[in-house]
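This report walks through one protein model for a reader who has not seen it before. The sequence and structure come first, and the description follows.

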Amino acid sequence: MSTNNLQSCKRKKFLHGHGRQSSSIDDLGLDILVYEILIRLPAKGVGRSKCVCKEWLSVLSTRHFAMMHCRHISTSYNQKFIAIDSRLCSVFPLSCEDSGPLLNSRILLPFEAPWNKVNILTSFEGLLCVCFRNTGKLVIWNPLTRAFKEVSSSNSRGLYKPKSDAIGLYVDKTDDYKLLHIKRRRGRMWVHVYSSMFDSWHKITFANKLRCWRGKPIWSNGTFCKGVLYVLVNCFIENKGVMLFGFDVESERFRLKTFPRFPHAYYDGNLVIVHKELHVFITHGLPNWTVDLWRMEASYYFIMLYYTYFKYWQVSCRIK
């Protein structure tokens, strides 16, 4: 038998077995079923699949599967945004081609709070961090499953103050979803981390003696990328410009990162994740605005990708 014929026979045996004409779903193996098929189902489909057998129930109920499922449905082609109105949430596709609402896109708010007092602060892998503006309480909410958890405690941890505090959602190497809360009170900063696994808060050591914390710096909410939660701090009152801090989720320490500098009197930045890399849009050059897009390289420096120049509603773009 030639080499080509032998390889062909081996492929047939691998695909079809020894002479069998058909195969069952059991031949696929549990790993393939779970991580190639079931992980692609919507949340309701996963819930129904748990009723198939005890083995499926055990696997589909693990935190690992929940995280993998969240990360799959949060891919760019399936991203959506939520608008809250009259105790209802409207879900819209994040697509320029289809601006209409999705079919069956209305969901009820699961918590008792006035719809006009609910403020969505940040999101991560399908989870939302919500603040009740009338009480300041923070809630972690999964709109797909309607599950939510109020994280505020009796000792005032988890109480959010607009224009003073910053929030960031992330996950650590133990698959524990956590919430970072940075709050400023009377010129001092406090940082606490909430663990969803242990349902508890703990305090993070923070440098309050830095001059840049004086005055009223404006903190952005956190953007998580490759084990680091990034926040921008606008400190123009102290003539510090915009600074970028990275919170390492394993060591739980803040580190000052490099950030592009500009000769203009005022500039601003907004963090965004593109293809799993940290980018920042920087607006500068008042009154003739210029918007730059920079990408972080090796967690140390930024390179400029392009800029767009605005003047009298005329737009030009140059690629670098």
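Is Phe148 buried, partly exposed or exposed? Phe148 is partly exposed, with a relative accessible area of 39%; buried means under 20% relative accessible area, exposed means over 50%, and partly exposed lies in between, for a 1.4 Å probe and protein chains only.

## Basis and confidence

This is a predicted model, in which local features need pLDDT of at least 70, side-chain atom pairs count only at pLDDT 80 or more, and totals for chains, interfaces and linings use all residues. Residues are numbered from 1 along each chain as its sequence is written, and side-chain values use heavy atoms, with hydrogens and water left out.

The chain has a mean pLDDT of 75, and 71% of its residues reach 70 or more; pLDDT is the predictor's confidence in each residue, from 0 to 100. Residues 6-23 have pLDDT below 50, and this stretch makes five contacts in the model beyond near neighbours in sequence, a contact being heavy atoms within 4.5 Å. The pLDDT is also below 50 over residues 99-104, a stretch with eight contacts beyond near neighbours in sequence.

## Aromatic pairs

Rings of Phe, Tyr and Trp (its six-membered ring) pair if their centres lie within 6.5 Å; planes under 30 degrees apart count as stacked, over 60 as edge-to-face and the rest as tilted. By this rule there are 10 aromatic pairs. Phe111 and Phe132 form a tilted pair, because their ring centres are 5.3 Å apart and their planes stand at 55°. This pair links distant parts of the chain, 21 residues apart: Phe111 is in the loop between strand 3 (106-108) and strand 4 (118-124), and Phe132 is in strand 5 (residues 127-132). Strands (E, at least two residues) and helices (H or I, at least four) are DSSP runs, numbered from the N terminus. Phe111 is buried at 3% relative accessible area, and Phe132 is buried at 7%.

Phe111 also pairs with Phe148, edge-to-face, at 5.5 Å centre to centre and 85° between the planes. Phe148 lies in strand 7 (residues 147-150) and Phe111 in the loop between strand 3 and strand 4, so the pair ties together parts that are 37 residues apart in sequence. Elsewhere, ring pairs join Phe124, Tyr170, Tyr177, Phe224, Phe247 and Phe254 into a cluster.

Strand 6 (residues 138-142) and strand 7 run antiparallel and are joined by four bridges, and Asn142 has Ala147 in strand 7 as its bridge partner.

Strand 10 (residues 188-195) pairs with strand 11 over five bridges in the antiparallel sense, and Val193 stands opposite His202 in strand 11.

Strand 17 (residues 267-274) and strand 18 (residues 277-284) run antiparallel, joined by eight bridges. Leu271 has Val280 in strand 18 as its bridge partner. The hairpin of these strands has two residues between them, and there His275 takes a positive phi near 55°. Strand 18 also pairs with strand 19 (residues 290-297) in the antiparallel sense, over six bridges; the bridge partner of His279 in strand 19 is Arg295.

## Nonpolar cores

A nonpolar core is a set of buried Ala, Val, Leu, Ile, Met, Phe, Trp, Tyr and Cys residues joined through side-chain atoms within 4.5 Å. The largest one has 38 residues, of which Leu138, Leu179, Leu180 and Phe247 touch the most other members. Strand 8 gives the most to this core, with five residues. A second, separate core of 17 residues includes Cys225, Ile282, Trp294 and Phe302.

Notes
Pairing = 2+ DSSP bridges.
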